[in-house]
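Please read the numbered points alongside the display.

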Amino acid sequence: METEGFFVDGPGIFRAELERTRRERQARELSEKVTGAQSLVNSLEHAGVDVMFGIPGGAILPAYDPIFDSKIRHILVRHEQGAGHAATGYAQATGRVGVCIATSGPGATNLVTPLADAQMDSVPIVAITGQVPGPAIGTDAFQEADIRGITMPITKHNYLITDPDQIPAAISEAFHIASTGRPGPVLVDIAKDALQKMTTFTWPKQRVLAGYRLQLDPEASAINDAARLIAESKKPVFYVGGGVIKANASKELFRLAELVGAPVVTTLMARGAFPDSHPLHLGMPGMHGTVAAVTALQKADLLITLGARFDDRVTGKLSTFAVNAKVIHADIDPAEIGKNRFADVALIGDLKRTMVALVPALEREFAKSRPDLASWWKQMGGLRSTYPLGYDHPAEGLSPQYVIERIGAISGPDSIYCAGVGQHQMWASQFIKYEKPRTWLNSGGLGTMGYAVPAAMGAKVGAPDTPVWAIDGDGCFQMTNQELVTCAINKIPIKVAVINNESLGMVRQWQTLFYASRYSNTDLHSKRIPDFVKLADAMGCVGLRCESRDDVDATINKAMEINDAPVVIDFSVHRDAMVWPMVAAGTSNDDIMIARELAPDWGSQEL
Amino acid sequence: MALHTLAVLVENSPGVLARVASLFSRRGYNIDSLAVGPTEDPKISRMTIVLNLEGHALDQVSAQLFKLINVIGIQEMKPSESYERELLLVKVGSNGAALDEVAKRYGAKVVEKSENSVVVELVAESDVISALLSDLKPFGVKELVQSGAIALEKGVKTLTDRVRDEQGLSNPEEGNIGESSTADYQN
C-alpha cells in the first residue's frame with residue numbers, strides 16, 4: 001500500500017496525505033487506465049453501494065481483486081441463492097437497491113430464483129455476474145450459461161457487457177432502472193476479458209435510455225374523476241398493495257384514508273403500509289384474509305386500488321370478484337391497468353404524488369357532498385367483530401399461531417419480520433400486528449420457500465439496530481439455513497423461529513382438505529432429523545428448543561437478550577393446525593370458509 | 001377477430017428480438033407475422049408486428065411491449081391511414097402464356113424462367129398476395145416464401161417524428177446527473 005509510510009509523520013500529516021491520495025485517486029480514476037474490474041468497482045461505489053452479497057468464482061475473479069480494496073462491504077455467502085435473497089431483504093427493509101454478485105454458469109443460475117422472486121415482488125436489486133471471456137461465449141465453455149437469455153423473462157432489464165468501456169454506463173443504468181418506476185431486478189453480466197482489459201473509468205454524466213420513460217404525475221382529469229367516484233360511492237374500500245410501501249407513501253395513505261373514512265384492506269405485500277391498530281383497517285384480503293376484508297372487497301361499490309395488481313390470491317375466481325364495484329386503479333406501471341380487471345379510472349403515476357393530488361380534489365368534492373358510510377361501516381364493523389382471526393389451542397402440543405403471536409407481541413412493531421412460504425407465512429401475516437412499513441418481508445408473488453433466513457440476513461445488514469426475526473417453517477428452513485454460517489461469521493445476529501410441524505404444512509393442509517388426508521410426501525420427520533438445536537450450534541448460532549406453551553414467552557425473551565450471535569429456536573408445534581379463513585384456489589371469494597366445512601353465517605346481513 | 005398491425009421502434013441492440021419474442025411467448029400472445037429491419041437511424045430498428053387481437057388485449061400487448069426498456073415507441077398502423085405490404089416469392093411448376101397473363105394481371109414480376117419452373121415475385125397487400133396464390137395454384141406451386149407485413153404511415157408525418165415529439169427521443173432521458181451523485185440511486 002502506498003500510504004503505509006505516512007503513519008510515522010503523525011496523524012495530521014496522515015490526514016492531509018490521505019486527502020491528497022484520495023484526490024489523486026479520483027483524478028486517476030478520471031484520466032488513467034484501469035482494468036474493467038476496477039471500473040466496475042468504481043462504478044458500484046459511485047452508485048452508492050455500501051454492501052453486497054456474493055461468492056467469487058473463475059469468471060468474476062478479476063472483480064474480486066479490486067473488491068478486496070473497496071470501501072464496499074462484501075459479505076461472503078454460502079450459496080448464491082442466499083446472496084440474491086439477502087439483496088432482496090436488504091432492499092425491502094431499507095428501500096435502497098440490494099446488490100448481489102456471482103460467477104458465471106452455476107453461480108449465475110443459482111441467482112435465477114431470487115431474481116424471479118424480486119421480479120414478482122417488484123424489489124430493486126442489481127445482480128452482477130461474471131461471464132466466460134467474450135471469444136468463448138457461445139462455445140459451451142466451462143461454466144458458461146447464457147444468463148442474460150435465461151433471465152430475460154424474470155428481470156426488469158439485463159445486460160451482457162463484453163466491452164470494458166461500457167461498464168460504467170451499464171452500472172449507472174442498472175441502478176436507475178432497478179430503483180425507479182416500478183422497481184425490479186436488473187442483471188449485469190460481464191465477460192471475464194472485459195473485466196481484465198484496460199479502460200478509462202468515467203462515471204457517466206448522462207444516461208441515454210430512449211425507451212425508458214416514467215409517468216410520475218397522474219392526469220389531473222383522472223384525479224378529478226377518481227375524487228368524484230369516491231364522493232358518489234356508498235361502499236368504498238381502499239385496496240392497498242405493496243406499491244404503497246415501494247413508493248414510501250404510508251403517510252399519504254394515512255391522510256387519504258382518514259379523509260375518506262372508508263375501510264382499508266392491506267394485501268400480503270402491503271402488511272405494515274397502514275397500521276393494524278387503526279380503526280379503519282379490516283386486515284388482509286385474499287385466500288387467507290379476514291372475513292371482513294374479503295367481504296369488503298367483494299361487496300364494495302368502489303375499489304380504490306393503490307399499488308395492487310388484482311392477483312389471483314386476492315381476487316379468487318376473477319369473474320366473481322367484486323362484481324358490483326367500480327375500480328379506481330392507481331399504479332406506476334401502465335401495463336397493470338386493466339391487466340386482470342377493467343379500471344373505470346386509471347391513475348398512472350407515483351403513488352405518493354397521486355395520493356397528494358387526490359386530497360384537494362376530494363376536499364372539493366366533499367364540500368359539495370360527503371358519502372354517508374354509516375350503513376357500510378355497520379356491516380363491515382359487524383363482520384370484523386363477529387369473525388376476528390382466531391385459533392384453538394390443541395389438547396396436546398403447542399399451537400403454531402400462539403407462538404407467532406407471542407413473538408410479535410414480545411418483539412413489538414419496531415422489529416422486522418421475514419417469513420418463508422406456507423402456513424407459518426400466513427400466520428405471521430395474520431397474528432403479528434404490523435404498524436409500520438418495511439417491517440414485514442416475505443415472498444408474495446413467487447412464493448419462494450427458503451426466502452426467510454437469507455432475507456432476514458440482508459434486512460439485518462440494512463437495519464443493524466433493529467431486531468430481525470425469520471419466522472420459518474421446518475421445510476423452508478432446510479432449504480437455505482446454510483446462511484446462518486454467514487450470519488455467525490459476519491456478526492449478523494438474526495433470530496430464527498422454526499415453526500416445526502415436521503411437515504410441508506400448507507401442502508399437508510391441502511391434502512387434508514382436497515386429497516382425502518392422503519399425505520403423499522409431506523412428512524419431513526424434522527422432529528427426529530435433523531436436530532435443529534445441534535444444527536444451530538454447529539453453525540455458530542445459539543440453539544433453543546421450546547415444546548410447551550408455558551415456555552414460549554421465556555424462550556422468546558431469552559432470544560431477545562442474545563445480540564452477539566444468531567439464535568435459532570426450534571418451536572415444536574402440533575401438525576394439524578390449519579390456516580383459516582380460506583378461499584379455496586379457483587373458487588369465489590363468496591365461498592370463504594372460516595373453518596373446515598364452515599362458512600360464515602351471513603344471516604340477515606344484506607350485503 | 002381482425003388483424004391489427006403494430007409498428008414498434010426499438011433500439012438496435014443485441015437481444016432486442018429475443019426480448020420481444022420472449023414477451024410474446026411468456027404472456028401467450030400469438031403473432032401472425034413479424035418483420036424486423038433497419039430504419040433511417042442506424043441506432044434504431046423497426047418491427048412490424050401483425051396480431052390477431054383487438055380491444056383490451058391489444059392495449060395490453062402494447063403496454064407490455066412498451067415496458068421493455070429497449071422499446072422506444074409503438075403505434076398501431078390502421079389500414080386506412082397506412083400502406084401495408086408483404087413480399088412473395090413463389091416457384092411455379094409450369095410455364096406458358098397463361099402464367100404470364102396471371103402475373104401481369106397482378107403486376108407480379110417473373111424473375112426467373114426455365115423450362116419446368118418459373119419464379120414469380122409480388123409486393124402487395126396481404127389479400128392481393130392471397131389472391132395471386134390461389135390463381136397460381138392450377139400451375140402447381142412448388143415452393144413459396146413470404147415476408148411478414150411492413151407498414152408505413154400515409155402522409156408527411158413519420159413515426160420517428162411522432163416518437164421524438166411525444167417522448168423527446170432526440171433528448172437524452174435526463175440532463176446532467178452531476179458530479180456528486182454518489183447516493184443518486186440510494187434515496
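1. In this predicted model, helix H17 (residues 400-411) of chain A packs with helix H24 (residues 552-561) of chain A at an angle of about 45°, and their axes lie 10 Å apart. The crossing of H17(A) and H24(A) is right-handed.

2. Helix H4 (residues 80-94) of chain A and helix H19 (residues 452-462) of chain A have axes that come within 6 Å and cross at roughly 45°. H4(A) is therefore oblique to H19(A). Their crossing, that of H4(A) and H19(A), is right-handed.

3. Is A:Leu280 buried or exposed? A:Leu280 has 10% relative accessibility, so the residue counts as buried; the cut-off for this class is under 20%. A:Leu280 sits in the loop between strand S10 (264-266) and strand S11 (281-283) of chain A. From A:Leu280 to A:Arg406 the separation is 126 residues in sequence and 24 Å in space, taken C-alpha to C-alpha.

4. On chain B, a nonpolar surface patch is formed by B:Leu87, B:Leu89, B:Val111, B:Val123 and B:Val145. Together these residues have about 380 Å² of accessible area. One of them, B:Leu87, belongs to strand S5 (residues 82-92) of chain B. B:Leu87 counts as partly exposed because its relative accessibility is 35%, a value to be read against the limits of under 20% for buried and over 50% for exposed.

Note on methods
Residues numbered from 1 in each chain as written. Chains lettered and ligands numbered in written order. Predicted model: local features only at pLDDT ≥ 70, side-chain atom pairs only at ≥ 80, totals over all residues. Heavy atoms only, no water. Patch = residues over 30% accessible without salt bridge, like charges linked within 9 Å, V, L, I, M, F, W, Y side chains within 5 Å. Areas by Shrake-Rupley, 256 points an atom, 1.4 Å probe, with all protein chains shown as cover. Salt bridge = Lys/Arg side-chain N within 4 Å of Asp/Glu carboxyl O. Helix = DSSP H or I, 4+ residues; strand = E, 2+ residues; numbered from the N terminus. Buried < 20%, exposed > 50% of the residue type's maximum accessible area, 1.4 Å probe, protein only. Axes fitted to C-alpha atoms, helices over the stretch in contact; angles between N-to-C directions. Parallel < 35°, antiparallel > 145°, perpendicular 65-115°, else oblique. Left-handed = near helix turned anticlockwise from the far one by under 90°.
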